[in-house]
Amino acid sequence: MSRTSESARRQLERIIALGYPQVAGMSAEAFRALAAPLLGALDSVDVDEEVLLVPTSELVSPDSLIARTSIGRNAGFSTMPPRDIESFVATDTLPEGPFYVVVDPHTGSAYKNREPDVARKLIDADGKEPLTLEEGLALATQHPDWLVSHQGFAMTGSRSADGRVPGIWMSQHS
């Protein structure tokens, strides 16, 4: 088993402990079985960078995961109705299936205080991929310390039909 596979397996166990299988309407065993092909493929892959296991909206809807993100005892919340959250879709084609892995995820902190269109152009020019809503939630779930250290980030890899870009941030009163 590779370090990459071990990392993805640890992340899978974390989201199982947080109740993702219940949100998906299945047992923990069935949830693990859906991840098994990807995890098996990762057994022979070892990358030097960090990896992020992302459950897709095919498996769990983003609005159902927000309350499962937390920092300490403070659970995540949204001021948007679920329909608005679900209106954010990836701007690029994503891998099919219930899970995929992002290699070397980043919050885009180098592009802080930039308009989303400008940040997207800079991210593209740097040869990186912008975070989608699902990836941002996965990142906040697996690495809440990144959210604390960056105080928030935009997920310019997703947009709504009216052009909005989702963001996630720390409340000043947490």
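Pockets first, so I noted the rules: on a 1 Å grid over the protein atoms alone, a cavity is a set of points where a 1.4 Å probe fits but cannot get out, while a pocket is an open set with protein on both sides within 12 Å along at least five of seven lines. Lining residues have an atom within 4 Å of a point. Grid points are joined across faces, edges and corners, and a volume is the space filled by probe spheres set on the points.

This is a predicted model, where local features need pLDDT of at least 70 and side-chain atom pairs count only at pLDDT 80 or more, but totals for chains, interfaces and linings use all residues. Numbering starts from 1 along each chain as its sequence is written, and side-chain values use heavy atoms, with hydrogens and water left out.

**Largest pocket.** I got a volume of about 660 Å³ for the largest pocket. Its lining has 28 residues, and the closest to the centre are Ile66, Phe77, Gly167, Ile168 and Trp169. Two or more lining residues come from each of β2 (70–71), β3 (74–75), α7 (133–142), α8 (144–150) and β8 (167–169). Helices (H or I, at least four residues) and strands (E, at least two) are DSSP runs, numbered from the N terminus. I sorted the lining of this pocket into 18 nonpolar, 9 polar and 1 charged. For that sorting, Ala, Val, Leu, Ile, Met, Phe, Trp, Tyr, Cys and Pro count as nonpolar, Asp, Glu, Lys and Arg as charged, and the others, Gly among them, as polar.

**Second largest pocket.** This one holds about 390 Å³. I counted 21 lining residues, with Gly108, Tyr111, Lys112, Phe153 and Ala154 nearest the centre. The lining splits into 9 nonpolar, 10 polar and 2 charged.

**α7.** I checked burial here (buried is under 20% relative accessible area, exposed over 50%, partly exposed in between, with a 1.4 Å probe and protein chains only). In α7, 10 of the 10 residues are buried, so the helix is largely enclosed by the rest of the structure. Glu134, Glu135 and Gln142 are among the buried ones.

How many residues of strand β1 (residues 51–55) are buried? I found 5 of 5. Val51, Leu53 and Pro55 cover one side, Leu52 and Val54 the other. In a regular strand the side chains alternate between the two faces of the sheet. β1 runs antiparallel to β5, joined by 5 bridges; strands pair if DSSP finds at least two bridges between them. Leu52 has Val102 as its bridge partner in β5.

**Val102.** I found Val102 buried at 15% relative accessibility. Leaving out residues up to four places away in sequence, Val102 touches Glu50, Val51, Leu52, Val54 and Glu135 (contact means heavy atoms within 4.5 Å).

**Asp104.** Asp104 has a positive phi of about 60° although it is not a glycine. Most residues other than glycine have a negative phi. I placed Asp104 in the loop between β5 and α6, partly exposed at 38%.

**Aromatics.** My search of the whole structure gave 1 aromatic pair. Phe31 and Phe99 sit edge-to-face, 5.3 Å centre to centre with 85° between the planes. Rings of Phe, Tyr and Trp (its six-membered ring) pair if their centres lie within 6.5 Å; planes under 30 degrees apart are stacked, over 60 edge-to-face, the rest tilted. The pair links α3 (residues 28–42) to β5 (residues 99–103), 68 residues apart. Phe31 is buried at 0%, and Phe99 is buried at 6%.
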